[in-house]
Amino acid sequence: MNAEQSYEIRLKVNGETQQITAPARRLLSDALRGELGLTGTHVGCEHGVCGCCTVLVDGAPVRSCLTFAVAVQDREIRTVEGLAADDGELHPVQEAFKECHGLQCGFCTPGFLMTACALIEQNDDPTEEEITEAIAGNLCRCTGYQNIRTAVRYAAEISRSDKT
Amino acid sequence: MTPQSFGRAIRRTEDERLVRGRGSFTDDAGSAGLSLTMVRSPYANARILSIDISEACEVEGVRAVLTYSDLPGRLVEPLPLLIPHPSLVAPRTQYILAKEHVRYVGEAVVAIFATDRYVGEDAAERVIVEYEPGEAIVGIDAALGANLVHDDVPGNVAADHAEHVGDVDQALVEAPHVLELNLDMERSMGSSLEGRASHATWDRHGRKLRIQNATQTPTSVRFAVANILEIPDEQVDVFAIDVGGGFGTKVIHPWPEDILTAWGAIEYECPVKFTEDRVEHFISSSHERAQRHQIKVGFDEEGRILGLDVDFVHDNGAYTPYGMIAPLITATQLPGPYKLPNYRVRFRSVYTNTVQVTPYRGAARPHAVFSMERTIDRIAAFLEIDRAELRRRNFIQPDEFPYDLGMIFQDGRPAIYDSGNYPELLEKVLAMIDWDDFSERRSQTPPGRRRGIGVACYVEGTGLGPYEGGHVRVETGGKVQVSTGLASSGQGHHTVFAQIVSDELGVPFEDVEVVTGDTRRFQYAVGTFASRAAVMSGNAVAEAARLVKEKAIQIAADALEANPDDLEIVDAQVQVKGTPARGIPLAQVAVLANPLRYSFSEAARAATQFAGAGDPNEPPIKPGEDPGLEATGWYSPIRATFASGAHAVEVEVDTATSEVEILRYCVVHDCGRLINPLIVEGQIHGGVAQGIAGALYEKMAYDEDGNLQNASFMDFLMPYCTEIPEVEIDHLETPSPLNPLGIKGAGEAGVIPVSAVIAAAVEDAEGFQINHMPLFPSELHEMRLRNAEVSQ
Ligand code: FES
Ligand code: FES
């Protein structure tokens, strides 16, 4: 069996455009982690259920393990590496997860951070139901979710106070 | 002055990297080199008739395809049996690649080395294996039947073990009342979000095999790999930098893929990586929890237990790499906080054609507590005594420690409880959940709902030996480097060990940097399991820090011409007690500790002013001394320390859907002195969540042919945040007299009594006996129907 055809794919990740060469079936998760070395995005199930691989595509959370890299050419992709400000200052969600002990092993964390970031950037005063709704598609085996909820609440609080 | 670190809710040092996406998990290691893909058995019990790899070898990008007959040297042997035991009469472990026979769906049959996993999977599809399937033995009933998993293991019995204290037969004859219970629990698994993984590189010039491995025990992986590959230990380094959850599964070693990646890296002279996918994790990593218990209990009119007789069967799956540790823990932990003058336990551990069973967080204690607490509740119901009161009457009392159970614990030492206060735990949790006023709350239950309350207590042996070590070194730049051999998978070790060293040595917390699980830094260790890391490595690094402190004070005393007894270390400076003006920074003491004083830094230049001329008739390093301000400390306890706790839960059950809703979940936990309450509470949250998962949602759904039908997160119902309630926590701190820090383990506690307490609450709500876990709505519905029939 011969090697399959490869494509030039332009990926715009965290504001930077990069070119990779990969076959059509290369998953976005694998392209980010392998070709681009952005290993902050994790893969926990490869079937779209755990949420570890969540990245933002044009601001909306997307499962990168269910997305082909070639399908998101030229879209705005944001990963956990792109959360902090250019000067290194942590994004409110990062700050809050640290402060509230919202992570243990840290494997699910990038997925939660991206999911929470999408929520809070749209709505910095979410209700408890809205928080549940936002994170209810992400699995964590370590924390029991309690501190994750607290962290999302606190992230919203930080981002509100940042604006005032 | 730097405040004491021990006991404070210090934020974790681990998190900065992790929230920035800069963790270093095994699969993050370079993508160059080869990827290992396994072809696994689709049959639970079959003979391998032939394997055709020719087409797979043709796939472009495939470097090699191996079957059992291609394996060299010691790779042809079965994998090691890690923990033998005299009662383990027929241990069996699997081969790296199946030899002639497969015994569970998921067993490794063929190994493919290819440029990447995509190519590896293409090739895997082209491997043709011809099998002759036999009858699959699934579940305990089948295991006790006529068919065999291993032809040479009669009755499928891997282990048959019995222990007793007192005279149970006599006690049961004499007891005014005797009750019998049949209790069983289903399988679940740890299900860490990161699966197993290993990345091996071979440095041909330096002759070093470097292995990053998602393990809880890197030192043991190292010795295993070196032994099996027949290369010197010195040529192998193993490190676990970030591990995405372990929960016991990653204690097991070596896995076939650990050996194959290491071997492949040398053979093909390039990095080789294996990363398990989710389906593989379900069908080839360990499971736990399936056990069936028969219990006979005798008691008096007051509800005091006179005799307890327990006979149980443990389903150990197809192989026993970890021996019979899990059922042995059930056997010895079953008495919990209660006095059992006459106790007898016997178990058989039996083979089935399913994934191997090894300890999963809680490690067979959930069954022990489920059995004991169900028994207590049954006695209470029989005598119509309040369930809390019945517990009070049977508790070991605070003045009865040390309390000898009269049994041998899993560490081979007598099971002697070191300290605890069980009555107070119970009173606290009852007050928290407002036990006494429950009937009033029950009367307000909305229509269509039934309300119940339950309580459960447990004792957990933690901090098992044989030992851990720690190394502490003060750098001339002032940083304090700490290492210990066991690995971390989210427990916050870097933070808590830094807290301990900071206090012992008298340096700011921020100056302490910790490395765990790296054989390049520390070569001897046991590992992270049995809630032992904080107790073992915590006390070891504390000891190392004390030795460093002693040395620093000695050196500073010489330099300051002071009496060592008059010196102290405050804020990283060695000084005359209460006189900061007469002191030397620890960094400079580190310079003085090395007679070779190249002045690489300001500290080094400044330090030389303290360096006296020295005695010209003595060598610069005197006999028995070492250069450098560093030391290695060890902690090796005589036996385990026993933590304890009480959980209480209030539930509401839906009369139509049979769904169980948790209204309040309360925990009172005693793990001795708390190093960091934030981290301990995090461990409890996570443990309780896993307990709820096992009590209400998760099981391994095998069909009769041994196929795991729910081998995906789509079908295995691991809870999301929508299923897990808030957990209310309070602490009791009964120090352990066994170690200088007075600590006990906390990692597994949360999960242990959850099935027991939920069963109790649902039983209270429903009014019929709950003997089987988990309680899916469908299960509960069936139970209702059965009970309705019986009562008609
Ligand atoms: S890895 Fe994408 S959802 Fe699990
Ligand atoms: S922190 Fe480990 S899975 Fe969430």
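E373(B) is buried, with a relative accessible area of 1% (buried means under 20%, exposed over 50%, partly exposed in between, using a 1.4 Å probe and protein chains only). Its partner R391(B) is buried at 0%, and the two form a salt bridge with the closest N and O atoms 2.7 Å apart. This is a predicted model, where local features need pLDDT of at least 70, side-chain atom pairs count only at pLDDT 80 or more, and totals for chains, interfaces and linings use all residues. Residues are numbered from 1 along each chain as its sequence is written, and side-chain values use heavy atoms, without hydrogens and water.

**Salt bridges**
- A salt bridge here is a side-chain nitrogen of Lys or Arg within 4 Å of a carboxyl oxygen of Asp or Glu.
- Over all chains, the search finds 75 salt bridges.
- R532(B) and E468(B) meet at 2.6 Å, N to O; the pair ties together parts 64 residues apart in sequence.
- R532(B) is buried at 0%, and E468(B) is buried at 0% too.
- In helix α3 of chain B, E121(B) and R117(B) lie 4 residues apart, about one turn, and their side chains meet at 2.8 Å, N to O.
- E121(B) is partly exposed, with a relative accessible area of 33%.

**The sheet**
- Helices (H or I, at least four residues) and strands (E, at least two) are DSSP runs, numbered from the N terminus, and two strands pair if DSSP finds at least two bridges between them.
- An open sheet of 6 strands in chain B runs β7-β15-β14-β13-β8-β29, with mixed pairing.
- β7 and β29 of chain B stand at the edges, each with a single partner strand.
- β14 and β15 of chain B pair in the parallel sense over 8 bridges.

Conventions:
Chains lettered and ligands numbered in written order.
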